[in-house]
Amino acid sequence: MSAPRSEHTTPPRTRCLTTAQALVAFLSRQYTERDGRRHRLIGATWGIFGHGNVAGIGQALVEAGSGDRAAPRMPYLQGRNEQAMVHAAVGYARQCGRLSAHAVTTSIGPGATNLVTGAALATVNRLPVLLLPGDTFATRPADPVLQQLETGHAGDVSVNDCLRPVSRYFDRITRPEALIPAALQAMRVLADPAETGAVTLALPQDVQAEAYDWPEEFFAERSWRVRRPAPDAAELEAAVRAVRSARRPLIVAGGGVRHSAAEETLAAFTAATRIPVATTQAGKGALRHDHPADVGGIGHTGTATADALARTADLVIGIGTRYTDFTTASATLFENPAVRFLNLNITGFDAHKLAALPLVADARTGLEALTSALAGRGYRIDPAYETEYTGAKEAWEERVEASFAAPDPAARPTQTQVLGLLDAQATEDDILINAAGSLPGDLHKLWRTRSRDQYHVEYGYSCMGYEIPAAIGVLLATGPHGPHLPHGQDGQDGPDRPHRPVWALVGDGTYLMNPTEIVTAVQENLPLKLVILQNHGYASIGGLSEAVGGERLGTAYRHRDADGGFTGPPLPVDLAANAASLGMRVLRAHTVDDLRGALAEARTAEGPTCVYVETETPDTVSGPPPAQAWWDVPVAETATRPAAVKAREEYDRQVAARRRHL
């Protein structure tokens with residue numbers, strides 16, 4: 001039985017707002033906190049408006065930007081393509097160490113379904129982004145309304161249900177009051193390093209505009225603590241025993257090292273043990289390229305040094321890695337019959353991969369504990385092992401130099417020479433962004449990473465069209481209006497902080513997928529540095545197609561020949577003119593010398609600048625080293641054409657080396 005109510009009881013304070021207004025006000029007051037520093041969780045909202053969100057979220061953002069209500073301002077960013085807005089938000093979140101994120105709003109219909117690719121990329125890469133797509137009417141005033149998907153078996157399905165499998169959390173807000181628990185759950189997932197990814201709150205357009213008396217407590221500032229869980233004592237002791245018994249240990253550093261800001265801790269661990277460190281695409285930069293223990297990328301796109309060590313390692317210490325097929329060379333790389341795995345990961349799912357000894361913890365906390373536990377037990381690798389890998393690293397550096405060398409200043413550069421010329425000018429301030437084509441392989445093998453956040457290659461989803469919008473997100477994070485960044489990598493905060501040089505490296509195929517956010521860079525006057533490498537088609541897949549017996553079908557951008565194939569002259573496409581038409585300043589480079597000057601000019605440019613270069617097919621001197629490990633791409637088991645028959649023979653030889661680590 002409830003107690004009688006006093007005449008003087010103060011009624012709960014409420015605020016009458018629409019659902020959309022309440023959501024924006026709520027998001028403006030959310031923060032993350034880690035290591036004593038607080039960061040705004042939702043730094044801005046990207047949006048493209050249609051009938052499904054213009055009167056709800058759109059109207060709410062007008063008020064949040066104008067100061068009409070007593071709430072912190074919610075900055076608005078105008079995008080041109082819904083997928084690209086998500087990519088920009090992901091680039092921002094990664095640069096912020098996952099401590100700050102962006103929201104993305106779209107209308108129902110094509111705008112909402114265009115979010116799916118970006119959501120998949122965010123979730124695959126464990127990077128936070130909040131998606132706020134409009135949805136069809138919850139009250140169903142008429143069926144069907146414009147862009148409504150009708151299904152005969154369910155009345156509550158909309159196109160937004162496509163986002164369920166690629167979201168870490170999904171909810172549809174069919175009543176205003178349902179927003180309260182859903183918004184809190186959404187923030188929990190975004191701020192959880194073990195759970196984060198794309199979060200979707202589908203917002204029916206009528207509910208967005210519906211008013212409700214919201215409890216004032218909903219709008220209180222909240223700080224979501226980003227966990228640094230410590231390892232279990234028994235797991236830590238098992239890890240110490242495994243390390244102490246290893247004669248040829250190898251660390252595989254993944255993206256978790258960088259997300260946890262554990263680079264210095266990793267360096268301290270290697271200083272104490274001298275264990276060599278190989279890196280995945282997401283982990284590259286965990287150590288500087290010139291650190292004595294850094295042996296470069298691992299796996300199919302790795303260095304000869306790292307892959308040779310992997311083949312003989314008796315203990316592989318995975319730190320913050322998912323062990324993708326590129327990292328493991330499709331389960332053929334770790335050849336030592338006695339090899340064991342020790343996985344330090346904040347996610348138990350990843351810590352148990354490859355039948356490993358799990359060490360479930362934050363990367364930095366776990367490394368600190370492991371370093372401390374080993375400190376009094378006198379463990380250090382055999383000096384001969386250290387001499388072996390440092391010598392191999394020096395030999396690999398000679399191969400890098402040969403690939404980067406451009407002896408003829410009047411010649412057209414190869415792709416690796418382009419990287420070499422950029423490498424010669426880059427400092428620790430520069431940030432490189434790439435995602436698809438043959439560039440990720442060349443960069444993983446060859447690029448000399450100078451800072452923890454210089455190397456930004458999205459290779460979890462390898463999404464063509466990611467680079468330009470992601471570069472915009474990175475620029476927003478590092479420039480004058482960016483957030484306070486973790487681990488002090490920004491170096492300077494506030495309105496006087498200059499933008500860092502941010503390079504989006506794209507081939508012509510990737511550029512044609514998604515150039516539209518150039519307009520956004522121009523609108524915001526962001527000093528995006530875009531390098532377009534014109535090689536007239538999908539060069540990477542062309543080479544792969546040839547290797548697997550596909551004979552380069554559909555991979556060249558050429559006119560049809562007399563037989564109907566695509567072996568005619570290159571298409572007369574001028575991507576430089578296209579970039580210029582979208583507002584960029586364009587520098588055309590025809591030779592090595594031209595390119596050297598254009599890169600230097602672009603690096604110091606204050607506005608969006610494009611360097612356009614047509615690349616030459618590499619020769620045996622300046623081409624990249626071939627793959628140092630295998631990658632499984634199935635080949636036709638039966639075929640009549642000689643190319644496929646030969647490719648299958650090689651496939652059968654390689655696949656025989658596959659191993660299940662049990």
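Residues are numbered from 1 along each chain as its sequence is written, and side-chain values use heavy atoms, with hydrogens and water left out. In this predicted model, local features need pLDDT of at least 70 and side-chain atom pairs count only at pLDDT 80 or more, while totals for chains, interfaces and linings use all residues.

**Exercise 1. Describe the surroundings of Gln534 and the backbone of His536.**

Step 1. Locate the residue: Gln534 belongs to strand 21, residues 528–534. Helices (H or I, at least four residues) and strands (E, at least two) are DSSP runs, numbered from the N terminus.

Step 2. Classify the exposure. Gln534 has a relative accessible area of 3% and is therefore buried (buried means under 20% relative accessible area, exposed over 50%, partly exposed in between; 1.4 Å probe, protein chains only).

Step 3. Find the polar partners. The Gln534 side chain reaches the backbone nitrogen of His536 at 2.9 Å, and a polar contact of 3.5 Å links the side chains of Gln534 and Tyr612. A polar contact is a pair of N or O atoms within 3.5 Å; within protein, one must be able to donate a hydrogen and the other to accept it, and residues adjacent in sequence count only if both atoms are side-chain atoms.

Step 4. List the contacts (heavy atoms within 4.5 Å). Not counting residues up to four places away in sequence, Gln534 touches Asp508, Val573, Leu575, Tyr612, Val613, Glu614 and Thr615.

Step 5. Turn to His536, in the loop between strand 21 and helix 21 (539–547). His536 is buried at a relative accessible area of 18%, and its phi is positive, about 60°, although it is not a glycine. Most residues other than glycine have a negative phi.

**Exercise 2. Characterise the packing of helix 3 with helix 5, and of helix 16 with helix 17.**

Step 1. Two packed helices are described by the angle between their axes and the distance between the axes. Axes are lines fitted to C-alpha atoms, for helices over the stretch in contact, and angles run from 0 to 180 degrees between N-to-C directions.

Step 2. Take helix 3 (residues 82–95) and helix 5 (residues 115–124): their axes come within 7 Å and cross at roughly 20°. Helix 3 is therefore roughly parallel to helix 5 (angles under 35 degrees count as roughly parallel, over 145 as roughly antiparallel, 65 to 115 as roughly perpendicular and the rest as oblique).

Step 3. Identify the residues. Glu82, Gln83, Val86, His87 and Val90 of helix 3 meet Leu115, Thr117, Gly118, Ala119, Leu121 and Ala122 of helix 5.

Step 4. Take helix 16 (residues 415–425) and helix 17 (residues 439–446), which pack at about 50° with axes 11 Å apart. Helix 16 is therefore oblique to helix 17.

Step 5. Identify the residues here: Gln415, Thr416 and Leu419 of helix 16 meet Leu439, Asp442, Leu443 and Leu446 of helix 17.

**Exercise 3. Examine the backbone at Pro144 and Gln147.**

Step 1. Place the residues. Pro144 is in the loop between strand 7 (129–135) and strand 8 (169–172), and Gln147 is found in the loop between strand 7 and strand 8.

Step 2. Inspect the peptide bond. Asp143 and Pro144 are joined by a cis peptide bond, with omega about -5°. Most peptide bonds are trans.

Step 3. Gln147 has a positive phi of about 70° although it is not a glycine. With a relative accessible area of 32%, Gln147 is partly exposed.
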